[in-house]
Amino acid sequence: NISGEEVVNITTAVGINSFENQHSVVYPNPTYDFLNVSSDKKIIQLSLYSIDGKKVMESDYIERINLKAISKGNYILKVLNKDYSQEIHRIIKN
C-alpha cells in the first residue's frame with residue numbers, strides 16, 4: 001500500500017483554441033450562405049464537421065463553399081494543406 005502526491009503545473013493550454021501559425025483565412029464568419037477560403041499554402045482538402053464531430057461535408061479545395069443547405073449552428077472547418085499540415089477554423093452559420 002504505497003501512495004504519493006505530485007503537483008502538475010500547466011503553463012500553456014493547447015488544442016482547438018490554439019490558432020497560432022494559421023496560413024488560411026476563412027471569411028465571412030459568421031456567414032449566411034457562402035464561405036471563402038484562401039491561403040498562402042496550397043490547400044488540397046476541406047472538411048466541415050458539426051460541433052458533435054459528425055462530418056457534414058468534405059471536398060477537394062475550392063475557394064468558395066456553398067453552405068446554404070447547412071443548418072444554422074457552429075461548425076469546425078478542417079483545412080488540409082499539400083504538406084499535410086492541418087488548420088482548424090470555427091465557423092458560425094447564421
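Guide: Strand β4 (residues 55-60) is joined to β3 by five bridges, and the two run antiparallel. Strands here are DSSP runs (E) of at least two residues and helices are runs (H or I) of at least four, numbered from the N terminus; two strands count as paired if DSSP finds at least two bridges between them. This is a predicted model, in which local features need pLDDT of at least 70 and side-chain atom pairs count only at pLDDT 80 or more, while totals for chains, interfaces and linings use all residues. Residues are numbered from 1 along each chain as its sequence is written, and side-chain values use heavy atoms, with hydrogens and water left out.

Within this pairing, Leu46 has Ser59 in β4 as its bridge partner. Four residues lie between the two strands of the hairpin, where Gly53 takes a positive phi near 95 degrees. Two salt bridges belong to this region of the sequence; the term means a side-chain nitrogen of Lys or Arg within 4 Å of a carboxyl oxygen of Asp or Glu. Asp52 and Lys54 form one of them, with their closest N and O atoms 3.9 Å apart. Asp52 counts as exposed at 53% relative accessibility, and Lys54 counts as exposed at 56%. On this scale, buried means under 20% relative accessible area, exposed over 50%, and partly exposed in between (1.4 Å probe, protein chains only). Glu58 forms another salt bridge with Lys55, whose closest N and O atoms are 2.8 Å apart. Here Glu58 is partly exposed at 41% relative accessibility, as is Lys55 at 46%.

Leaving aside neighbours within four places in sequence, Lys78 is in contact (heavy atoms within 4.5 Å) with Gln45, Leu46, Ser47, Tyr49, Gln86, Glu87 and Ile88. Lys78 counts as partly exposed, at 21% relative accessibility.

The nonpolar interior comes next. A nonpolar core is a set of buried Ala, Val, Leu, Ile, Met, Phe, Trp, Tyr and Cys residues joined through side-chain atoms within 4.5 Å. The largest one has 14 residues, and those with the most contacts inside it are Leu48, Ile65, Leu77 and Ile91. At least two residues of this core come from each of β2 (34-39), β3 (43-50) and β6 (73-81). Ile65 touches Asp33, Phe34, Leu35, Val37, Leu46, Met57 and Leu77, not counting residues up to four places away in sequence. In soluble globular proteins, nonpolar side chains tend to be buried together.

The side chains of Lys41 and Asp83 meet at 2.8 Å, N to O. Because Lys41 lies in the loop between β2 and β3 and Asp83 in the loop between β6 and β7 (86-93), the pair ties together parts that are 42 residues apart in sequence. Lys41 is partly exposed, with a relative accessible area of 26%, and Asp83 is partly exposed at 47%. The loop between β6 and β7 also holds Tyr84, a residue other than glycine whose phi is positive, near 70 degrees. Tyr84 counts as exposed, at 61% relative accessibility.

Elsewhere, three strands form an open antiparallel sheet in the order β1-β2-β5. Strands β1 (24-27) and β5 (64-66) stand at its edges with a single partner strand each, so one side of each is left without a neighbour in the sheet. β1 and β2 pair in the antiparallel sense over four bridges, and Ser24 has Ser39 of β2 as a bridge partner. In the loop between β1 and β2 lie Pro28 and Pro30. A cis peptide bond joins Tyr27 and Pro28, with omega about -15 degrees, and the bond from Asn29 to Pro30 is cis as well, with omega near 10 degrees.

For the protein as a whole, there are seven strands and zero helices. Buried residues make up 28% of its 94 residues. Of the contacts with a separation of 6 or more, 50% link residues 24 or more positions apart.
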